[in-house]
Protein chains: 4
Amino acid sequence: MNLAFIGTGRMGAAMVRNLVAAGHRVTAYNRTREKAEGLGAAVADSPAAACRGCDAAITMLPDDHATEEAVFGREGIGGAPHIACSTISTAMARRLAAQSADYLSAPVFGRPQAAEARQLLVVAAGRPELIRRFQPVFDAIGRQTFVAGAEPWQANAVKLCGNFMIASMLEAFGESYATLEKAGVAPHLFLEVMSALFGSPVYANYGRIIADRKFEPAGFALKLGLKDVRLTLETAAECLSPMPFASILRDRLMDAAAHGQGEKDWSSFALWGRP
Amino acid sequence: MNLAFIGTGRMGAAMVRNLVAAGHRVTAYNRTREKAEGLGAAVADSPAAACRGCDAAITMLPDDHATEEAVFGREGIGGAPHIACSTISTAMARRLAAQSADYLSAPVFGRPQAAEARQLLVVAAGRPELIRRFQPVFDAIGRQTFVAGAEPWQANAVKLCGNFMIASMLEAFGESYATLEKAGVAPHLFLEVMSALFGSPVYANYGRIIADRKFEPAGFALKLGLKDVRLTLETAAECLSPMPFASILRDRLMDAAAHGQGEKDWSSFALWGRP
Amino acid sequence: MNLAFIGTGRMGAAMVRNLVAAGHRVTAYNRTREKAEGLGAAVADSPAAACRGCDAAITMLPDDHATEEAVFGREGIGGAPHIACSTISTAMARRLAAQSADYLSAPVFGRPQAAEARQLLVVAAGRPELIRRFQPVFDAIGRQTFVAGAEPWQANAVKLCGNFMIASMLEAFGESYATLEKAGVAPHLFLEVMSALFGSPVYANYGRIIADRKFEPAGFALKLGLKDVRLTLETAAECLSPMPFASILRDRLMDAAAHGQGEKDWSSFALWGRP
Amino acid sequence: MNLAFIGTGRMGAAMVRNLVAAGHRVTAYNRTREKAEGLGAAVADSPAAACRGCDAAITMLPDDHATEEAVFGREGIGGAPHIACSTISTAMARRLAAQSADYLSAPVFGRPQAAEARQLLVVAAGRPELIRRFQPVFDAIGRQTFVAGAEPWQANAVKLCGNFMIASMLEAFGESYATLEKAGVAPHLFLEVMSALFGSPVYANYGRIIADRKFEPAGFALKLGLKDVRLTLETAAECLSPMPFASILRDRLMDAAAHGQGEKDWSSFALWGRP
C-alpha cells in the first residue's frame, strides 16, 4: 500500500521501518525533518504532502494537541483515510471520525523495543470492512490485532483502560514496597515473589524499575502517563462511571509532576512521599 | 522428619499428601476428624497429641483466631517447634514467635490446585539455621522458597502485600470493565487484550472469573479476602505507612460483605455497584 | 446605574428586584421571556439589546455553556463591561476577561431565599478600580463583598472551593449517618449534636435535609453540584494540586447522577449506597 | 453526690472544679498526684481508694489503654458505678458495660476552655433511669446533654463520628487552601468567606489555626486525633459501613505522625505535602 506516516518519534520510526520491510510504500512526515530520514521512507514537508495519493495516513503522535494540528491544521491531512495509532482521547477520536469517512482508531500497546521487534498489540475499532482492508498494516507492525468495536473511539477507551491497569499495578507495587521497607523487607525480595506469583514480564520489568529507582531515561514519560489517566477519567465521566483507583492515580501523578518528575519514567510516581 | 500437621482443609490436605509422598512421617489433626483421614497420615485427637515427639508442628488454618486456639488453647501445640503456613497477622506471628523458641512463619501463595501439584510458593522467615533445617518441608510442598527475613512476621507482611497486589488487580479489572461496558465494549475483549499485554495466568484466570461473573464455588472466600486486606492495613498502620489503594479495597470488600457476598469468590467485590 | 441583567431564574430574578429597589435602571433578558417580566425591569429581546447603553452587563446563568452563548453568541453581549455572577470555570473566566476590557468575576454564595433577602455573599475579583466602581451593585444584592484578587478567575476559584467545602460536609454527614444508623442511633439525634457543636445554620439545614431524606424540590440540583465539583478538580489540576476529598465527591455525585438523581437536591448523593 | 474522679488532666481538672462548685463531694485520683491537688477535691492514692463509698466513678482519660488500667487494673475501680467521659472505642465501652451493672458512656465535646466554662456538650448513653439519676453530674459540667441510646457504646459512636466531622472539615480546608494558594489567593481571604458562609465558630477557629500554621501548643494532639479516626473506622468496620473520607483522614494523619507531627495540633495534618 501507499501509506503516509505522520510522527516518527521512537515508536513511529520503528513502525515505519517495519511497514517498509513488509513491502509498503511509505512517505513520512515529522516536525523535526531529520527524524523522518533514514527509515527507508520518502520524506515529505507537510502532512498534506505526505498524504498525496496515499491509501491511508497513519498518525503516531504524543497527544490530542499534536494530532489536532496534524489533521485539522493548515497543510494537515484533512479528510484523507486515516488510522490514528496515538493514545488520544475518546472525544478526539470522535472528532477524527467526523472528519474522515474512512477513519480507524488503532492505538497500540508496547514500548519502543516491542515496536522495533514488531511485537506491538494493536487494538483497532471502526467499520469492519475498513479494519479488514488495513489488516496488512496492523500485521506489519504488531504481533496481534484486537477489534474493540465498530465505533473508532471504543479502541481508545480500551487503550486508556489498559494503561490504567498498568498504572494500578505501579501504585500497588509502590504501596507494598513502602510498607515492606518500613518492615525491613527488601523490595527486591518482594519483586522476586511477585514475579513468580504473576509470571508476567510487565510485573518483572516495572517492579524492578521501581525497586532500583532507575527512572531515567524514561521509557514512558510521567507527563504522558498523567495525561492518559486524565483521559481515562474523562472517558469514565462521559458514561458516569466512577473509577476510584484512577482518581488516586491522578492525584499521585499530579503530585509527582508538581515535584518536577514530569520527564522521568511514569513509574516514578509510585515512590510518592518517600525520601 | 516427624511432622504434626494442624488443619487439613483443602489446602492443608493437599500439603499433607505431598509431605507423605516425600517420605515424611505426618500426624494430622483437624477439628472435623474425617477431613484428616485418608491422607496417608496418622490422625490425632488434639493438636497436643499430634505434636508428641514431632520435629515440628505445621499449622494451616483460616485465620488468627483458629491459630490462637490451636496453639494457646487447652491441648494446643504450646511451645513445640512450629511452622505457621496460614495467612495470619504480623501481630499474631510475633505472639507465636514469643511462644516457641523454634518458630517460623512460612505462608504460601497458591490455590488448592497449586497445593495439590506441589506448586506453592513458600515465603519463609525466621532464624536462618531453622529455615535451613526445614527446607525439605518447603521442598515437599512448593516449587520455590523465598526468605523474607530473620523475623518471622516479615514473611507474613510479604504474604499480606502479595494478596493486596492481587486484590488491586481485581479492582482495576472491575473499574475497567464497568467503564468499558458502558462504552459498549465487551469485558471479554478487554480480557483478551490484558492477557496478551500482561502475559500472566493470574490476570487471565481472575479476569475471566469477573467477566463471566462466575463467583461460585469460591476459590477464595470474600470474607477471607476482607480479613486479609484488613490485616494488610493493620501491618501498614504499625509502621505508619499509608496505603490508599488498600483503603479503597477494604471499603469495597466491606460493602460486598454487607450485601451478602461473604461466601462468594472474593473477586466478586469488583462488580461493586453494578446490576 | 444602567444595568443589563442576563438570566432571570430564581436567583437572578431576586437579584434584579433588589437592584431595582436600590434605584438602578435594569434591562433584563431571559431565554424564556416571561421570567424576565414583572421584576420592575425593562425587558429586552437579546443580550445585545439589553446591553445597549448600559454601564455593565450582569450575567447569572447556570453554567459555562449558557454563559458562552450569552457572551460570544450572535446577539451576545460581546465586549461590553461585564460582571459574571454565575458559578463558572476558571478557564471560562479567563476567556471572558480576554473578551471585555472591563470584566469582573463576582460569583455569589446563597440560596434563592438569601438572594431575595439581599443576604448573598459576593466574592469579587478583577481590577481594583473596577471593583470600587461596581461596589453599589454588590451592595444592592448582598450583605458582604470579599475581594479575592486582581485576576477575575480567582473569585471563581474561591467560589468553587466554597462549594467543595459544603459538599465535603454533606459527605461527612452521609458517612456518619450511615454508620450510626447501623449502630442504632437516629440521624436526628446526631444532627442535634452537630448543630450544637458547629453552631452553623448550614449544618442544621443540610443535616436535616439528609436526615429527612427530603430531596425534592431541589434547592440546588445534583447535576449542577456535580458540575461544580468537576470544575473544582479542573482548577486544582491546572495548578497540579491533588484534592482527594474532591475526587471522592466527584465519584459519589456521578454515581448518584447515573442512578437518576440529577434533578434532586445535590445533598442526596450523601445517601449513596443506602436503601 | 459523692463522686470519684479519675484523670485530672486539663479537661478533667476543669470538670472537677465545676462538679465541686455545683456542690458535689469529689475524691480525685491522678497518676501524677499533684495534678489532682488544688481542685477543691479530696485526693486519693488509687482509683479504688477514690471510689470507696462513692455514688459513681467518673473517668476522663486519654485512651482505651489508660481506661483499662484504671478500671481493670490492680487497685482499679472494678465494678463500681461508672461514667466514662473519655473518648474510647465502642469495643472498650462494651467491656466496661460488662464490668459494672451501673455503667454509662458520657463522652464530651469541647476543648479545655469549654470545660472550664461549663460549656461542654455531653453525649450520654445507657439505661434511661441511670441517665436520669446522673443528670445533675452532666448539668454541672456541660451546657447540654444528648441521649444517644440505651446501649452505652452508642454514645461513643456518636462522639467518634463527631470528631470525624471536624477532621473532615480540617481536610476540606487543607485541600482548599492548597489549591487557592497555588492560584494566588490568600488562605485568610478564603477563611473570611467561609466564616461568613458557615457562621460557625468551629470553622473560624480551626480555619485560622491552619491559615496561621500555628500548631503549637496543641489544643488537641495529632496522635490522639489519629487514634480517634482509627476508632471511628473500627466502629464502622463492626457494622460493615464504608467511610471513604475517614480512610483518607487516617492516611493523612498517619503520614503526619510519620513525619513527627504527633504532638502538634491535629489540624496540622491538613498542611500535608506542603512546604
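A salt bridge is taken as a side-chain nitrogen of Lys or Arg within 4 Å of a carboxyl oxygen of Asp or Glu. By this rule, two salt bridges cross the interface of domain 1 and domain 2 of chain A. In one salt bridge, Asp265(A) pairs with Arg111(A), with the closest N and O atoms 3.2 Å apart.

The model is predicted: local features need pLDDT of at least 70, side-chain atom pairs count only at pLDDT 80 or more, and totals for chains, interfaces and linings use all residues. Residues are numbered from 1 along each chain as its sequence is written, chains are lettered from A in the order in which they are written, and side-chain values use heavy atoms, without hydrogens and water.

Domain 1 of chain A spans 2-150 and domain 2 spans 157-271; the bounds come from an automatic or database domain assignment. Their centres, taken over C-alpha atoms, are separated by 27 Å. Contact (heavy atoms within 4.5 Å) involves 15 residues from domain 1 and 18 residues from domain 2. The area buried between these domains of chain A is about 1,200 Å², with 59% from carbon and sulfur atoms. Buried area is the accessible area (1.4 Å probe) lost when two parts are put together, summed over both. On the domain 1 side, Thr87(A), Phe109(A) and Arg111(A) lose the most area, together 47% of what that side buries.

Chain A can be laid on chain B with an RMSD of 0.0 Å by a turn of 180° and a shift of 0.0 Å along the axis. Superposition is by least squares on the C-alpha atoms of residues with pLDDT of at least 70 in both copies. The two copies are thus related as by a two-fold rotation axis.
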